[in-house]
2 protein chains.
Amino acid sequence: MGATNTLHYTETQKTVASLAKALGHPARVAIIEYLLSVDACICGDIVDELPLAQPTVSQHLKQLKNAGLIKGNVEGNAICYCIDEQAIEKLKTYFANISGRLAEQSPKCC
Amino acid sequence: MGATNTLHYTETQKTVASLAKALGHPARVAIIEYLLSVDACICGDIVDELPLAQPTVSQHLKQLKNAGLIKGNVEGNAICYCIDEQAIEKLKTYFANISGRLAEQSPKCC
DNA sequence: AATCAATATCGTAATATTGCAATATTAAAA
DNA sequence: TTTTAATATTGCAATATTACGATATTGATT
């Protein structure tokens with residue numbers, strides 16, 4: 001066990017992990033893609049797009065919102081959710097950065 | 001319950017969710033960043049970089065490998081892992097695409 | 001062959017996630 | 001005001017994840 005073994009994770013590592021975890025279920029990826037395809041905020045038929053019951057979809061939406069991937073809220077019987085562009089931007093930038101750094105590296109053995 | 005409620009997820013949705021899930025823990029993000037920083041395949045001191053015991057790190061490596069984010073293997077007491085560039089490329093492309101499509105859309109209410 | 005160093009696997013406990021039926025909440029409509 | 005439509009919350013069972021001590025495996029070294 002090395003000397004750095006008690007260190008915690010960086011803020012970036014925690015942020016990326018949190019966003020990635022939120023996208024770590026196909027239903028939540030499908031929700032993001034649906035919000036993208038609708039190009040509007042009010043979209044009360046998300047449930048119809050998924051092979052899941054309404055409470056389950058509601059839970060997935062909650063997770064996406066907690067992670068900051070979507071924003072908005074509900075007023076009565078009208079839902080108003082949309083993608084939080086900043087979260088997508090963070091992920092886009094993060095993976096583009098890794099990709100760029102990989103491209104600069106020397107060839108690997110595996 | 002709509003007519004499309006029994007559909008499954010697309011291949012893309014399943015792939016992205018699987019990769020995202022693998023990155024859904026800060027330890028695994030830290031492993032990826034460490035592999036990137038080392039710029040070499042043989043890197044037997046991953047355990048020293050993380051606040052986790054060796055079996056736990058081994059499990060995280062296994063998850064990353066199962067998801068296709070890293071490749072390589074072990075020969076005796078030598079570890080040989082590195083980032084699978086294709087997986088990073090998939091994520092980079094996916095989020096860049098979403099970002100681009102978001103930029104084209106009309107302003108939202110939330 | 002016996003030992004060593006490094007990593008994987010097993011077993012297990014604690015915690016988290018997933019999914020849904022039942023119920024609650026909310027604002028609009030009748 | 002009662003009803004209705006849409007979404008959230010609760011409660012609970014099943015499953016998955018996380019973490020680690022103990023042990024196994026593996027290939028090199030002595």
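Reader: Through which surface do the copies meet, judging by the interface residues of chain A and chain B?

Author: The model is a predicted one. Of the interface residues of chain A, 100% are interface residues in chain B as well. The copies therefore meet through the same surface.

Reader: What pattern does chain A follow along the sequence?

Author: Chain A has five helices and two strands. Read in order along the sequence, they give the pattern α-α-α-α-β-β-α.

Reader: How far apart are the end C-alpha atoms of helix H5 of chain A, and what span should its residues give?

Author: Helix H5 of chain A covers residues 85-104, which is 20 residues. At 1.5 Å a residue, these should span 28 Å. The end C-alpha atoms agree with that, being apart by 28 Å.

Reader: Within what arc do the buried residues of H5(A) fall?

Author: The buried residues of H5(A) are Ala87(A), Ile88(A), Leu91(A), Tyr94(A), Phe95(A), Ile98(A), Ser99(A) and Leu102(A). Seen down the helix axis, they line one face of H5(A), because they fall within an arc of 130°.

Reader: Which exposed residues does the face of H5(A) turned away from its buried side carry?

Author: Exposed residues are those with over 50% relative accessible area. On the face of H5(A) turned away from the buried side, they are Gln86(A), Ala103(A) and Glu104(A).

Reader: Which elements of chain B do the buried residues of H5(A) pack against?

Author: Within chain A, the buried residues of H5(A) pack against helix H1 and strand E2. They also pack against elements of chain B, namely helix H2, strand E2 and helix H5.

Reader: Which residue caps the N-terminal end of H5(A)?

Author: A side-chain oxygen of the capping residue lies 3.0 Å from the backbone nitrogen of Gln86(A). The residue that caps this end is Asp84(A).

Reader: Which residues have the most contacts inside the largest nonpolar core?

Author: In soluble globular proteins, nonpolar side chains tend to be buried together. Here the largest nonpolar core has 66 residues. Leu69(A), beyond its neighbours within four places in sequence, is in contact with residues including Leu19(A), Ile32(A), Cys82(A) and Leu91(A). The residues with the most contacts inside the core are Leu23(A), Leu69(A), Leu23(B) and Leu69(B).

Reader: How many residues of H2(B) are buried?

Author: H2(B) reaches 18 Å from its first C-alpha to its last. Its buried residues include Pro26(B), Val29(B), Ile32(B) and Leu36(B). H2(B) is mostly covered, and of its 13 residues the number buried is 10.

Reader: Is Pro26(B) buried or exposed, and which residues does it touch?

Author: Pro26(B) lies in helix H2 of chain B. Its relative accessible area is 19%, and buried means under 20%, so Pro26(B) is buried. Not counting residues up to four places away in sequence, Pro26(B) touches Tyr9(A), Gln13(A), Lys14(A) and Ala17(A).

How values were computed. Residues numbered from 1 in each chain as written. Chains lettered and ligands numbered in written order. Predicted model: local features only at pLDDT ≥ 70, side-chain atom pairs only at ≥ 80, totals over all residues. Heavy atoms only, no water. Contact = heavy atoms within 4.5 Å. Helix = DSSP H or I, 4+ residues; strand = E, 2+ residues; numbered from the N terminus. Expected span 1.5 Å × (residues − 1). Buried < 20%, exposed > 50% of the residue type's maximum accessible area, 1.4 Å probe, protein only. Arc of directions from axis to C-beta. Polar contact = N/O pair within 3.5 Å; in protein donor to acceptor, adjacent residues only side chain to side chain. Core = buried A, V, L, I, M, F, W, Y, C linked by side-chain atoms within 4.5 Å.
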